Amino acid sequence: MSQSQPIIRLEKIEKHYALGSEIVVRALCGVDLEIGHGDYVAIMGPSGSGKSTMLNLLGCLDRPTSGRYFLGGTDVSKMPDDELSEARGKRIGFIFQSYNLIAQLTVIENIQVPLMYQGADLVAHHDRCVQLAKLVGLGDRLDHRPFQLSGGQQQRVAVARSLVNDPLMILADEPTGNLDSKTGTEVLELIGDLNRQGKTIVLVTHDDKVAARAHRVIHMRDGLIDREVRNAPRTLAAVA
Amino acid sequence: MKIFTSSLTTTMRLGLKSLMLHKLRSALTMLGIIFGVCSVIAMLAIGEGASYEAQQAIQKLGRDNIILRSVKPPDEAKQAGSGRSSSVEYGLTYNDGARIQSTIPGVERVLPVRIIRETVRFSDRAASCQVIGTLPFYTEIVNLDLVRGRFLSETDEMNQNNVCVISASLASKLFPYQDPLEQSVKIDAFYYRVIGLAREKDTAEQRPQSGQMEGEPLDNNIYICLSTVRSRFGETIIRRSAGGFEVERVQLHQITVKMKGLEAVESGDNEIKALLARFHKQNDYEAIVPLQLLRQAEQTKYIFNIVLGSIAAISLIVGGIGIMNIMLATVTERTREIGVRRALGAKRRDITLQFLVETVILSVGGGLIGVMLGVVAPMMVSQLTTMKTIVTPLSVLLAFGISGLVGIIFGLYPAKAAARLDPIEALRHE
């Protein structure tokens with residue numbers, strides 16, 4: 001909590017897409033944003049507001065056209081492809097709307113995937129992966145394949161996977177979009193627990209109920225941050 | 001390095017897993033490589049076996065030898081066939097042998113041979129045989145094992161002794177119960193004392209008789225001194241057939257010229273032919289040079305191998321294209337998985353490696369099965385036919401190596417295509 005340096009700092013981020021040879025779409029037009037350690041941020045906005053572009057940039061899946069993006073103190077806005085891959089692997093945990101587990105792998109292997117691409121010793125990390133599976137309540141399904149799990153269970157595997165590399169932040173893209181309200185709530189509570197344990201969460205959603213759980217709700221419009229709402233201190237008090 | 005190898009084994013394990021997800025598809029994809037590798041090994045084995053047999057046969061004739069054989073001239077043969085009776089004189093002469101010995105450089109020995117078909121008798125038993133009139137050094141030039149007794153000697157030759165050496169198989173026909181040595185057998189009107197038993201090493205070699213291209217197999221021979229044959233049988237052979245008879249005058253049926261080394265064979269070959277051409281008006285002899293036959297056999301094998309190699313290359317390329325096709329489809333099908341892996345930290349080269357490993361597993365797996373089938377198939381061919389087959393380790397290694405190479409070459413493009421995908425686009429892919 002006491003860390004002064006923010007985990008994420010965006011400085012005048014612009015992102016332009018060329019449609020054809022002449023039309024240029026300005027998806028982001030100079031966004032400034034800071035997200036601190038242990039923050040829980042929800043990004044909302046109608047389609048076309050630059051929400052997805054923002055997500056891709058925050059996830060290091062894309063580079064801004066101009067501006068600077070500091071992730072954990074390092075500038076990732078001009079990084080070459082391989083370094084960007086490494087940044088994703090080490091600093092960001094992804095949770096997707098459609099779970100995106102790898103079909104041919106078991107639960108435990110899916111959790112191990114980010115470790116694999118860092119050249120980590122899978123045997124040495126095995127116990128920790130089992131711990132994570134237990135944390136999300138799937139300790140008894142380590143050898144199940146994704147098609148043998150329900151949607152909620154799959155998303156919980158994805159949560160465990162996002163934690164395995166001990167990332168700076170967890171980036172969740174509509175994590176409850178494919179779930180019914182009950183399992184959606186379960187997953188959101190899991191994410192809330194992680195935040196209370198100190199994890200930084202950035203969540204993209206268009207569901208007000210989902211956004212209500214975050215400390216900060218950032219509304220985007222036309223490629224800019226329209227307004228920011230700080231939520232009731234109920235959760236903040238819990239953290240404090 | 002350790003981390004690298006461990007991650008490679010992990011990649012291979014996971015690759016295998018992905019392939020097992022579509023067992024039928026993977027198996028069908030491998031078929032092309034399986035058949036390619038199998039056919040390469042099997043065909044090479046059959047070719048190798050055939051050329052080995054040919055070379056063995058040629059080597060038995062002796063690489064240092066030039067073999068001259070009397071051949072009945074074809075136009076004379078026609079006359080003989082049409083007339084009721086005829087008389088023909090043809091073939092190699094004693095003079096030919098003497099001329100070759102004295103004028104051609106590099107000649108070590110000249111072995112004259114007369115061959116006469118006769119019937120040999122002992123008490124009430126009879127067997128058809130070939131009387132081979134030759135000189136005592138016959139054994140030095142032709143592969144012949146003396147099982148018992150001795151071969152013809154200089155003294156026998158000088159004195160025109162009525163002694164003979166007979167083939168072991170012929171002896172067992174004539175003397176089922178007695179010891180053949182020191183017995184006397186009757187050929188035509190004369191008796192010959194058996195002084196030795198011989199076993200021919202190469203029954204495949206056949207001798208011409210009266211211009212025939214194919215003669216009797218070599219294992220019913222009776223060897224008698226040349227001088228003895230000359231005095232007992234003469235040079236005229238009369239054959240009676242229905243309603244007529246045929247008279248042939250042939251001095252020598254075969255002259256085997258043993259040269260001093262392979263170079264002498266090369267130069268002596270043409271010189272001997274030129275020499276004979278001057279003294280023979282008609283083409284009543286043939287020259288067989290085993291060394292040349294050997295070279296021809298090697299040349300044939302070389303061409304055969306090139307043809308096989310091309311067929312193999314085409315079939316393996318076809319197999320490789322099959323693999324590439326499937327892998328491209330797989331990449332499209334798994335676009336989303338590629339996006340997820342990229343998001344979770346996979347670099348481009350990780351993706352390349354993943355798909356390359358899958359392709360190589362397919363092709364090398366196909367190669368392994370192909371090698372197994374390729375080793376078994378020639379065995380079955382040998383079992384079902386009389387063909388000899390030899391599976392050389394080199395052909396196995398070659399086929400296997402090429403299958404691996406095909407995997408890498410045809411896997412590289414789909415793997416690169418997978419790695420080039422934009423992670424954002426790939427994640428959005430349905």
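Colleague: What makes strand 1 and strand 12 of chain B a pair?

Modeller: In this predicted model, strands are DSSP runs of E with at least two residues, numbered from the N terminus. Two of them pair if DSSP finds at least two bridges between them. Strand 1 and strand 12 (residues 254-259) of chain B have five bridges and run antiparallel, so they meet that definition.

Colleague: How many bridges join strand 1 of chain B to strand 13 of chain B?

Modeller: Four bridges, again antiparallel, link strand 1 to strand 13 (residues 285-288) of chain B. There, I67(B) faces I288(B).

Colleague: Why is strand 1 of chain B called largely enclosed?

Modeller: A residue is buried if 20 or more other C-beta atoms, placed from the backbone, lie within 10 Å of its own, exposed if 12 or fewer, and partly exposed in between. Five of the six residues of strand 1 (residues 65-70) of chain B are buried, so the rest of the structure largely encloses this strand.

Colleague: And why is P80(A) called exposed?

Modeller: P80(A) has 8 C-beta neighbours inside 10 Å, so it counts as exposed. P80(A) sits in the loop between strand 5 (74-75) and helix 2 (81-91) of chain A; helices are DSSP runs of H or I with at least four residues.

Colleague: How are the residues and chains labelled, and which pLDDT do local features need?

Modeller: Residues are numbered from 1 along each chain as its sequence is written, and chains are lettered from A and ligands numbered from 1 in the order written.

Notes
This is a predicted model: local features need pLDDT of at least 70, side-chain atom pairs count only at pLDDT 80 or more; totals for chains, interfaces and linings use all residues.
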